Amino acid sequence: VYCESCYPGEGSEYIREYHSFDKDLVFYPKPDSESLFLGVELETDKYNDIENCAELLHERSDDEELYHLESDSSLNSGMEIVSMPCTLDYHRDNFPWGRITKTVAEHGGRAHDTSTCGMHIHINRSFFGSRIDYHTLKLLYIFEKFWPEMVNFSRRSGDRWERYAARYYDDFAHVSDISEKIEETRDKGRYFAVNLSPCHTIELRLFRGTLNIDTIHASLEIVDFLARLVKDVTIQDLQRMTWKSLTDRIDDEKYPKLRYYLYTRELVNQPNIDEPTTIESGDYNNS
């Protein structure tokens, strides 16, 4: 039995060992001090031809300039697709999520339709500036206060996933020393829905894996929305918020996939749109 850091992977020249990526990060577009970047780790499993799939994905990543592939001991016969940090607009308009998910599905890969796969989304800490601890505290509070709604959004079921994306069961509203509370939370480890362990990012681990590109985009949109929200409100504002007043703040033009997705999960009332949603709960092509 190997620990994750020593797991030898699939023996593929295209699938790196767990957390062994040694190249410089490439930001899309070029970073500045105020940009919000989102990095995705999409777990996939159940392949019938993982080697050919990995080779194709590697070739389409422009020598790992867009994303790279990693093994993960939590998967049975799968791999993780790890994106470079991109803005929300770049993920939606330029990042090849459509080609990636189609290639995975064509080689038997699955994500939603497994018991092993998650999708983790990283937020760059630099986006929160000098008040990062206070903004992080508000993000933790949102997940605690609206935990049932966030689990519904994540498509999680059963209880196996709770080993990797647990709830803190903590009160983040009444804190005397914010920095001390954040450090105490970080010391609990990384297997929480909001993981504070990474040095340069905050990792949201709650989402179930998916090959549905609309669901990927909706998940990126809610992370972008929440990251920006916590910079604009106080903890007292959040204490007064209901789920409805929170979701009423969503700009439908800025986050179109998010509004549709929330409706499909029965988390908001029917959006005022002319066309029905195309988002499904399963994997690529509803498989």
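Trainee: Which helix gives the most to the lining of the largest cavity?
Mentor: This is a predicted model, in which local features need pLDDT of at least 70, side-chain atom pairs need 80 or more, and totals for chains, interfaces and linings use all residues. Residues are numbered from 1 along each chain as its sequence is written, and side-chain values use heavy atoms, leaving out hydrogens and water. A cavity is a set of points, on a 1 Å grid over the protein atoms alone, where a 1.4 Å probe fits but cannot get out; lining residues have an atom within 4 Å of a point. With three residues, the most comes from helix (DSSP run of H or I, at least four residues) α4, residues 132–145.

Trainee: What volume has the largest cavity?
Mentor: Its lining includes Leu 140, Phe 143, Trp 147, Arg 167 and Phe 172. The space filled by probe spheres set on its points is about 40 Å³.

Trainee: Which helices each supply at least two residues of the lining of the second largest cavity?
Mentor: The second largest cavity has a volume of about 30 Å³. Among its lining residues are Ile 222, Phe 225, Trp 243 and Thr 247. The helices are α7 (213–232) and α9 (243–247).

Trainee: Which strand supplies the largest share of the lining of the largest pocket?
Mentor: A pocket is an open set of points with protein on both sides within 12 Å along at least five of seven lines. The largest one holds about 910 Å³ of space. Of its 44 lining residues, the closest to its centre are His 19, Glu 41, Val 82, His 122 and Thr 201. Five residues, the largest share, come from strand (DSSP run of E, at least two residues) β1.
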